[in-house]
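This briefing walks through selected packing features of one protein model. Please keep the sequence and the structure in view while reading.

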Amino acid sequence: MSIGAVLNVLRDEFPDITISKIRFLESEGLVEPRRTPAGYRKFSARDVERLGHVLRMQRDHYLPLKVIREHLDAMERGEAVPLPTLGRQRDGEAAPEPSAGAAPARIGREELLAAAGIEERQLDEWEAYGLIAPLPDGAYDAETVTVATLVVELGRSGIEPRHLRVMKAAADREAGLVDQVVAPLKRHRNPQTRAHAEARTKELAGLAVKLHAALVQTALGVRLP
């Protein structure tokens with residue numbers, strides 16, 4: 001298939017897919033179409049299937065491209081590998097505890113733009129409003145993909161980034177409250193106590209998120225599934 005034909009095939013399931021995104025996924029090594037002598041891309045059925053897997057893992061599991069590529073490559077080698085669970089979890093799903101010493105997943109700016117399907121100007125705007133912030137080295141953590149995707153979804157209903165500043169302010173206050181509770185444990189010299197502080201932080205953060213969701217549902221008089 002030509003890249004235009006691939007676009008038409010994928011668009012039924014992924015309305016926001018663009019030729020530029022397909023080209024970006026190719027540049028990241030997610031798919032390797034063959035080239036004609038004239039330099040035109042020709043995608044096989046396997047290429048299209050692989051692109052579908054990539055887009056579903058971005059959409060449904062909010063995984064960065066590096067993690068997706070490693071997962072698909074392992075599957076093609078015949079390895080039985082569980083699907084990684086970074087970023088937002090679906091209702092009823094629990095994220096596995098990270099192994100000791102594991103570094104948090106990070107993604108680059110271009111990868112974030114592709115994962116969220118946004119342009120530079122949009123990301124600049126979100127950073128100006130404080131919704132997204134890069135790490136000191138300019139990269140982003142994996143949860144940023146979740147934030148960006150949710151901002152896009154809310155935008156489709158007319159909720160603009162400037163409207164979301166109140167949510168960011170509320171989240172910062174909730175995080176500050178949790179941090180205030182666990183701060184004495186974090187400063188402790190005993191490594192076991194500091195490890196307990198991390199577990200306590202996760203527990204309180206989970207309770208805060210559930211309370212926030214319950215309060216919003218109560219205020220709106222709705223019940224989320």
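At what angle do helix H8 and helix H9 pack, and how far apart are their axes? In this predicted model, helix H8 (residues 165-186) and helix H9 (residues 191-220) pack at an angle of about 160°, and their axes are 9 Å apart. Because angles over 145 degrees count as roughly antiparallel, H8 is roughly antiparallel to H9.

**The H8 and H9 pair**
- The crossing in which H8 passes H9 is right-handed, and by class the contact of H8 with H9 has eight nonpolar, four polar and four charged residues.

**Helix H2**
- Within helix H2 (residues 19-27), the buried residues are Lys-21, Ile-22, Phe-24, Leu-25 and Glu-26.
- The buried residues of H2 pack against several elements, among them helix H1 (3-11), helix H3 (45-61), helix H4 (65-76) and strand S1 (34-35).
- Just after H2, Gly-29 has a positive phi of about 80°.

**Nonpolar cores**
- The largest nonpolar core has 23 residues, and those with the most contacts inside it are Leu-10, Ile-22, Leu-25, Phe-43, Leu-51 and Ile-68.
- H1, H2, H3 and H4 each supply at least two residues of this core, and its largest share, five residues, comes from H3.
- Apart from this core lies another, of 16 residues, including Ile-107, Leu-123, Leu-131 and Ile-132.
- Leaving aside residues up to four places away in sequence, Leu-10 touches Ile-17, Ile-22, Val-48, Leu-51, Gly-52 and Leu-55.

Definitions and conventions: Residues numbered from 1 in each chain as written. Predicted model: local features only at pLDDT ≥ 70, side-chain atom pairs only at ≥ 80, totals over all residues. Heavy atoms only, no water. Buried < 20%, exposed > 50% of the residue type's maximum accessible area, 1.4 Å probe, protein only. Helix = DSSP H or I, 4+ residues; strand = E, 2+ residues; numbered from the N terminus. Contact = heavy atoms within 4.5 Å. Axes fitted to C-alpha atoms, helices over the stretch in contact; angles between N-to-C directions. Parallel < 35°, antiparallel > 145°, perpendicular 65-115°, else oblique. Left-handed = near helix turned anticlockwise from the far one by under 90°. Nonpolar A, V, L, I, M, F, W, Y, C, P; charged D, E, K, R; others polar. Core = buried A, V, L, I, M, F, W, Y, C linked by side-chain atoms within 4.5 Å.
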